[in-house]
Amino acid sequence: MRAFFLWMSRSIRLRRLIMRIGFARRAALRFVAGETIDDAIAAIRTLNANGILATVDHLGENVATEADARRAAQSYVAVLDRIGKEGVKSHASLKLTQLGLDIGDEFCRENVACVVRKAKEAGTFIRIDMESSDYTDRTLAVFRSLRREFDNVGIVIQSYLYRSKDDIAALCQEGASVRLCKGAYNEPPDKAFPKKADVDANYVALTRKLLSDEARARGAYGAIATHDPKMIDAAKAYAAEHNVPRKQFEFQMLYGIRRDLQQQLAKEGYTMRVYVPYGAEWYPYFMRRLAERPANVWFILRNLFRG
């Protein structure tokens, strides 16, 4: 089922078909705040009212023209302007292929720099999302280039990749802010752990590295992005055992998933941040959410049969 939905996420023909179906659009709202900046700001306000922070994502990826990439950058500038003016507590997350990585690395870097600069003016932070392993080296190179100029930019590392152990070690030495997730792309077995148990074990090991005394002493900051209670408990146990202050790391989850757990962690005094996607290009994101958890599929089907 996972492979099927990941294949669907890449199909242009199915994207055109499904995005015209009213039910699919309504179902996507389970995981997407809406299609406009106003929708995103409203969702962030609701989260903030419950003691939860946000990171907003204007959906889109793999643009083919410089004009589309520049429009994407301007969309981020616009939402960051609203974040600054309205005082909501939110970072922003972006994908480099949406900002022109397929067109050229330097063109993409210049585009992202405009967004990071605007975030600095608004008093907030940009997280560069990680995409498939085809882009890992180039994404890290753009991140490191930006970090030489800006201090308000972070990166994402995926625990299902074999290489992530070395990537995390290097980023900890550099004092980087890292969101650790499991990974949501269909990777070959020569690049990623094929078994969930191995992905989970690597996730726990990388969490411990991010939260270690050595990493924090160098300024590294861990954002533990998971809905898995076992991974959350492992992070909490390590933090308690090693006296890691709760303000020196955070948990992150996706909009619309495990809202109960999000609120519980916030009430326990942990920094909790929710990834809030919005925009018209919701289809690939929606398909990846269905691929990640069969429970998401059954949720949609139950609501379909309820009318």
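Me: Why are helix 5 (residues 66-86) and helix 6 (residues 105-122) called roughly parallel, given axes that come within 9 Å and cross at roughly 10 degrees?

Reply: Angles under 35 degrees count as roughly parallel, and the axes of helix 5 and helix 6 cross at roughly 10 degrees, which makes the two helices roughly parallel. The axes are lines fitted to C-alpha atoms over the stretch in contact, with angles from 0 to 180 degrees between N-to-C directions. Helices are DSSP runs (H or I, at least four residues), numbered from the N terminus. The model is predicted: local features need pLDDT of at least 70, and side-chain atom pairs count only at pLDDT 80 or more. Residues are numbered from 1 along each chain, and side-chain values use heavy atoms.

Me: What makes Phe251 and Tyr270 an aromatic pair that is edge-to-face?

Reply: Rings of Phe, Tyr and Trp (its six-membered ring) pair if their centres lie within 6.5 Å, and planes over 60 degrees apart count as edge-to-face. For Phe251 and Tyr270 the centres are 5.4 Å apart and the planes 75 degrees, so the pair is edge-to-face by this rule. Phe251 lies in strand 7 (residues 249-254) and Tyr270 in the loop between helix 12 (259-267) and strand 8 (272-278).

Me: Are Phe251 and Tyr270 buried or exposed?

Reply: Both are buried, that is, under 20% relative accessible area with a 1.4 Å probe, protein chains only.

Conventions: Parallel < 35°, antiparallel > 145°, perpendicular 65-115°, else oblique. Phe/Tyr/Trp six-rings, centres within 6.5 Å; stacked < 30°, edge-to-face > 60°. Buried < 20%, exposed > 50% of the residue type's maximum accessible area, 1.4 Å probe, protein only.
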